[in-house]
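The sequence and model are shown first.

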Amino acid sequence: MNSTMLLTLDLNDPRPLHEQVAAAIRRAIGAGDVAPGDRLPPARDLARALGVNANTVLRSLRDLRDEGLLEFRRGRGVSVLRRPDGREVLRARARELLDEAAEYGVSADEVVALIKDISEEMA
């Protein structure tokens with residue numbers, strides 16, 4: 001994974017930046033952009049690419065380490081330990097969707113109804 005990978009942040013996202021960075025990295029891992037064993041670019045490079053402070057990226061990396069997705073090794077940097085399971089990824093994305101829905105004044109029940117409608121359309 002290079003520092004100019006497809007990580008992006010939404011300037012309108014109300015979540016703290018470290019949560020947004022962690023979610024973006026989690027998505028990249030879940031999508032297979034980086035695989036277990038791959039090393040991530042240095043935090044400074046990620047921070048520069050995302051336009052955030054390096055401490056913000058470091059906090060995100062620590063959060064992902066605490067989730068068991070990343071491993072820190074002295075002298076070797078940060079490596080991917082495992083991919084999140086699908087339910088973890090979907091749970092994080094559902095949380096993001098509910099946060100965004102709340103910004104538009106849409107309730108969780110309305111979001112569930114929309115998802116059911118879309119699911120029926122796709123069946």
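Beyond its neighbours within four places in sequence, Val21 is in contact with Leu9, Leu50, Val52, Thr56, Val57 and Ser60 (contact means heavy atoms within 4.5 Å). Its C-alpha atom is separated by 9.1 Å from that of Arg59, 38 residues apart along the chain.

## Basis of the description

The model is predicted; local features need pLDDT of at least 70, side-chain atom pairs count only at pLDDT 80 or more, and totals for chains, interfaces and linings use all residues. Residues are numbered from 1 along each chain as its sequence is written, and side-chain values use heavy atoms, with hydrogens and water left out.

## Helix H3

Helix H3 (residues 54–66) has 13 residues and reaches 18 Å from its first C-alpha to its last, close to the expected 18 Å (the expected span is 1.5 Å times one less than the number of residues). Its buried residues include Thr56, Val57, Ser60, Leu61 and Leu64. They cover an arc of only 135° around the axis, which puts them on the same side of H3 (the arc is that of the directions from the helix axis to the C-beta atoms). The buried residues of H3 pack against H1, helix H2 (43–50), strand S1 (70–73) and strand S2 (77–80).

The face turned away from this buried side carries the exposed residues Asn55 and Asp66. H3 is followed by Gly68, whose phi is positive, near 85°.

## Salt bridges

The structure holds six salt bridges (a side-chain nitrogen of Lys or Arg within 4 Å of a carboxyl oxygen of Asp or Glu). One of them joins Arg15 to Glu96, with the closest N and O atoms 3.5 Å apart. Arg15 lies in the segment before H1 and Glu96 in helix H4 (residues 86–103), so this pair ties together parts 81 residues apart in sequence. Both Arg15 and Glu96 are buried.

Arg27 also forms a salt bridge with Glu96, at 3.1 Å from N to O. Because Arg27 lies in H1 and Glu96 in H4, the pair ties together parts 69 residues apart in sequence. Arg27 is partly exposed, at 29% relative accessibility.

Methods: Helix = DSSP H or I, 4+ residues; strand = E, 2+ residues; numbered from the N terminus. Buried < 20%, exposed > 50% of the residue type's maximum accessible area, 1.4 Å probe, protein only.
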